[in-house]
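The following note sets out some points on the model shown below.

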Amino acid sequence: MKKIFILCGILMANISLIAQDATAVKKVTYPAGYTEQIDVVYTKVNDWEGKLDLYLPPTQNGPSPVVINIHGGGWNKGNKESQTGFSGFFKRGYAVANIAYRLTGVATAPAAVEDTRCALIYLINNAKKLNIDPNKIVIMGGSAGGHLALMGGLLENNPIFDTNCKGTKSIKVAAIIDKYGITDVWDWGYGTIKTSKSATSWLGDKAKDKDFAKSVSPLYQVKKTSPPVFIVHGDADPIVPYEQSVALKAKLDEMGVKNEFITVKGGQHGKFEAEDNRMVNAKIMDFLKGLGL
């Protein structure tokens, strides 16, 4: 009898885990005519495979713009399967590339940046096959994903983190959408406003190397040639200080880079009121439209 109870307990635990896994995966709904390619391998590092999900519009209208989406989670958690909010892009004929990257438990900095660059390079190299326009690439993310979107785009043709994906000489994104992203990793780890263990954990054995932290911080990658940047941040964010986005805005203005900064009054970390979310989404689309995207 005791063995039966033990077996029942194990079965119930397994069912519970399966249910939890199921809730963590959200199905992306896309319009008729779109096709999907799930878990496409865009890079390999030892035994780890970098995968992305592609949602591609019909081909008859010619090469489409594409948005690369990057999930958040402090570089230590999260997955691409949690991301579904692409309807605004689908309505405008965009392709979507939703990417996974190495988390801190797999590899520390700069691994996530390297993977972001590899995904970008993969799309550029395969643009013709995928029927996407390499001149209309938008890169977007929230929180740690916002940081990676900024790094992926602001590095432009700097190959410093392209070790795993060499061979593309011209890397230029058309726009970056940064949602409450980390812009100064050192400040997030050791600053007066916030001290984040996520930052120091991600930096790993370079946690005390300020120069390295700057090399993986978007704030220090801004140049006069940088692509346009859309920033949104809640001014009551308890996780990533609002001041991080204020500093990025100031740097973009200093360098003369086109940008738009939306402050969500009372907004928490990615937790905005429904009306604010609608406003932000509309502002993003207006920003892209103004760029011819």
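1. Helix α3 (residues 111–125) has 15 residues, which at 1.5 Å a residue should span 21 Å; its end C-alpha atoms are 21 Å apart, so the two values agree. The expected span is taken as 1.5 Å times one less than the number of residues. Helices (H or I, at least four residues) and strands (E, at least two) are DSSP runs, numbered from the N terminus.

2. The model is predicted: local features need pLDDT of at least 70, side-chain atom pairs count only at pLDDT 80 or more, and totals for chains, interfaces and linings use all residues. Residues are numbered from 1 along each chain as its sequence is written, and side-chain values use heavy atoms, with hydrogens and water left out.

3. Of the 15 residues of α3, 14 are buried, so the helix is largely enclosed by the rest of the structure. Buried means under 20% relative accessible area, exposed over 50%, and partly exposed in between (1.4 Å probe, protein chains only).

4. The axes of α3 and α5 come within 9 Å and cross at roughly 60 degrees, which makes α3 oblique to α5. Axes are lines fitted to C-alpha atoms, for helices over the stretch in contact, with angles from 0 to 180 degrees between N-to-C directions. Angles under 35 degrees count as roughly parallel, over 145 as roughly antiparallel, 65 to 115 as roughly perpendicular and the rest as oblique.

5. Glycine 167 belongs to the loop between α5 (144–154) and β6 (175–179). With a relative accessibility of 71%, glycine 167 is exposed.

6. The structure contains 11 aromatic pairs. One of them, tyrosine 55 with phenylalanine 90, is edge-to-face, at 6.2 Å centre to centre and 70 degrees between the planes. Tyrosine 55 lies in strand β2 (residues 48–56) and phenylalanine 90 in helix α2 (residues 87–91), so this pair ties together parts that are 35 residues apart in sequence. Rings of Phe, Tyr and Trp (its six-membered ring) pair if their centres lie within 6.5 Å; planes under 30 degrees apart count as stacked, over 60 as edge-to-face and the rest as tilted.

7. Tyrosine 55 is buried at 4% relative accessible area, and phenylalanine 90 is buried at 5% relative accessibility. Ring pairs link Tyr30, Tyr34, Tyr55, Phe86 and Phe90 into a cluster.
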